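Subject: Structure handover

Hi,

Here is the structure for you to look through. My notes on what turned up follow below.

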Amino acid sequence: MTDAAASRRNGRDRGTPHAGPNRRAFLGGAALAGAAALAPLRGPAALAATATGPYDPTPDSLNKHPVAPWYRDAKFGIFIHWGVYSVPAWGDTVDYHAAEWYFYAMRISAAGKDSTYQHHLSTYGPSVAYDDFIPRFSAKRYDPHAWIRLFERAGARYFVLTSKHHDGFQLFPNAVSRRNSAVLGPRRDLVGELFAAARHSRLRRGLYYSLGEFYNPALGTPPWDPYTRAPVPYTGYVPVEDYVADYEHVHLRTLIDRYDPDLLWADGQNWHEDLGAGSIFCPKDLDWRSGEVLAYYYNRAVERRRDVMVNDRFRAGHADFAVSEGDKSSYKLRSTPWEACLTMGRSWGYDTHEDPARIKSEPALVQLLVDIVAKNGNLLLNIGPRHDGTIGDWQRERLIAIGDWLRVNGSAIYGTTPWQRAQDGDVRYTVSPGAFNIIPLRWPGATLTVPGDLPIADGARMRLLGHHGGPLDWTRQDGAIVITLPSRAPGRGPDYPCVIAVD
């Protein structure tokens with residue numbers, strides 16, 4: 001990570017009563033700071049004007065690929081972990097083995113009461129294999145249009161759906177495997193239905209794909225019974241000689257050609273350790289040859305005149321953006337695009353064993369969004385639908401709360417760029433066209449004091465978004481800026497961030 005400034009300083013306080021930078025200079029500087037990264041939000045069918053190609057499968061060629069303007073502007077996306085693991089819907093609270101790792105974790109024999117091995121034994125018995133959950137993955141109440149309406153109400157600008165997670169079950173039909181939702185379980189193209197529902201929305205459409213798998217005979221890791229250690233079938237598996245060329249690359253080209261995604265999000269690319277139930281994901285020396293896939297994806301996007309993005313987990317010597325996974329005590333300002341992918345609770349897949357104390361509150365999620373955006377990042381916030389396709393109320397309520405906040409304060413989030421400094425204490429900063437935004441993470445009370453070097457000209461007008469009482473009073477005192485605030489917090493209450501826009 002780097003603390004390099006993302007935009008030049010627009011002024012410096014020289015103490016009261018001296019004047020700061022003039023208003024015209026500030027507005028011009030703010031506009032210039034954002035100009036390179038700002039573009040009108042476009043729908044998924046919009047034409048691209050940035051990627052030219054052609055691209056070769058080499059880092060030098062792939063590194064010429066530009067960052068899509070839509071991605072810089074979007075700031076907030078929805079991650080969707082949905083698959084067969086949402087049937088048992090149970091994660092171990094002791095170790096990392098969250099609900100989406102059930103296929104692997106049920107093979108780790110442990111004496112602890114939270115062991116997935118013990119849970120499976122007592123709940124389903126030793127004769128039930130993980131693949132016996134496939135017929136129960138019904139999606140019978142899956143309404144992709146309702147999902148899209150919820151994502152739009154949440155204020156998201158893109159989504160990323162797990163097309164295949166580590167258990168190897170695919171949510172799309174393809175020619176090289178029958179381990180998919182079109183053949184088994186719901187017998188539906190779950191990816192296709194969601195992409196079709198989003199076609200006329202403002203949402204950009206993304207797909208997650210796990211390069212490796214927990215168990216796959218083509219990787220030399222066929223599954224086995226956790227209680228007898230005898231081999232068990234890998235349901236729907238069609239033998240292939242070359243996992244990468246005959247299976248993984250075919251999957252990815254199918255996703256690219258059939259669904260035309262705006263974003264590809266790789267995972268499961270590195271691990272070959274034994275975490276208690278055998279080595280997982282891939283042999284140590286496996287070459288994913290991901291440069292071939294990325295060149296194919298980029299060249300197809302050029303043909304279709306599309307702006308597309310890839311994350312940094314393809315192991316191709318190239319990425320359009322970096323990923324920071326899981327909760328971090330402190331994110332840092334970066335000069336290049338990055339994304340924080342987070343869960344609301346502990347598991348990524350639906351988990352009936354979530355610890356309520358670990359589920360993030362609605363205000364905490366908005367605070368995370370503000371903090372990440374101030375540091376030049378996007379928030380990709382995860383939900384885990386149930387096996388029938390419904391989304392739990394506690395997840396839905398949090399998405400709606402974020403959307404309610406964004407409807408009032410979104411001008412300080414969407415299409416913004418960072419200032420040279422992301423924060424002072426509990427205050428964050430963003431720059432939007434024509435405004436410098438001061439964003440306390442919680443209601444500060446009757447006054448807010450901020451450093452005097454903020455780019456605020458004498459006579460600048462300050463507005464509290466969501467407050468209808470007129471401009472705020474402010475003064476310079478002892479090298480600081482003191483802002484007088486209303487007696488009550490606007491919007492959803494004092495635990496939420498508020499936005500002071502300096503015009």
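The axes of α6 and helix α7 (residues 190-198) come within 8 Å and cross at roughly 50°. That makes α6 oblique to α7. Oblique here is what remains once angles under 35 degrees (roughly parallel), over 145 (roughly antiparallel) and 65 to 115 (roughly perpendicular) are taken out. Axes are lines fitted to C-alpha atoms, for helices over the stretch in contact, and angles run from 0 to 180 degrees between N-to-C directions. The crossing of α6 past α7 is right-handed; that means the near helix is turned clockwise from the far one by less than a right angle. On the α6 side, Pro-144, His-145, Trp-147 and Ile-148 meet Glu-193, Leu-194, Ala-197 and Ala-198 of α7. Contact means heavy atoms within 4.5 Å.

Before going further, the ground rules. This is a predicted model, in which local features need pLDDT of at least 70 and side-chain atom pairs count only at pLDDT 80 or more, while totals for chains, interfaces and linings use all residues. Residues are numbered from 1 along each chain as its sequence is written, and side-chain values use heavy atoms, with hydrogens and water left out.

A second helix pair

Two packed helices are described by the angle between their axes and the distance between the axes. For helix α8 (residues 243-259) and helix α9 (residues 290-304), the angle is about 15° and the axes are 10 Å apart. α8 and α9 are therefore roughly parallel to each other. α8 also passes α9 in a right-handed crossing. From α8, the residues involved are His-249, Leu-252, Arg-253, Ile-256 and Asp-257. They meet Glu-292, Val-293, Tyr-296, Tyr-297, Arg-300 and Arg-304 in α9.

The whole chain

The protein has 11 helices and 16 strands. Both are DSSP runs, numbered from the N terminus: helices are H or I with at least four residues, strands are E with at least two. Of its 503 residues, 59% count as buried. Buried means under 20% relative accessible area, exposed over 50%, and partly exposed in between (1.4 Å probe, protein chains only). Take the contacts between residues at least 6 apart in sequence: 73% of them join residues at least 24 apart. The accessible surface comes to about 19,400 Å², and 50% of that belongs to carbon and sulfur atoms. Those areas come from the Shrake-Rupley method with a 1.4 Å probe; for residues, only the protein chains shown count as cover.

Helix α11

Helix α11 (residues 393-409) has 17 residues. From first C-alpha to last it reaches 24 Å, close to the 24 Å expected at 1.5 Å a residue. The expected span is 1.5 Å times one less than the number of residues. Its buried residues include Arg-398, Leu-399, Ile-400, Trp-405 and Leu-406. What do the buried residues of α11 pack against? They pack against β1 (76-80), α6 (144-153), α10 (362-374) and β8 (377-383).

Buried loop residues

Tyr-350 is in the loop between β7 (338-342) and α10. Tyr-350 counts as buried, at 17% relative accessibility. Tyr-350 and Ala-98 lie 252 residues apart in sequence, yet 9.4 Å apart in space, C-alpha to C-alpha. Leaving aside neighbours within four places in sequence, the contacts of Tyr-350 include Ser-86, Trp-90, Arg-386 and Gln-395.

Lys-375 sits in the loop between α10 and β8. Is Lys-375 buried or exposed? Lys-375 counts as buried, at 2% relative accessibility. Beyond its neighbours within four places in sequence, Lys-375 is in contact with residues including Lys-332, Arg-334, Trp-338 and Arg-428.

Gln-269 is in the loop between β4 and α9. Gln-269 is buried, with a relative accessible area of 10%. Not counting residues up to four places away in sequence, Gln-269 touches Leu-211, Cys-282, Trp-288, Arg-313 and Arg-315.

Backbone points to check by eye

Most residues other than glycine have a negative phi, and most peptide bonds are trans. Ala-139 has a positive phi of about 55°, and Phe-281 has one of about 75°. Ala-139 is in the loop between α5 (116-123) and α6. Phe-281 is in the loop between β4 (263-267) and α9. Ala-139 counts as buried at 0% relative accessibility, and Phe-281 is buried with a relative accessible area of 4%. The peptide bond from Gly-53 to Pro-54 is cis, with omega near -5°.

Best wishes
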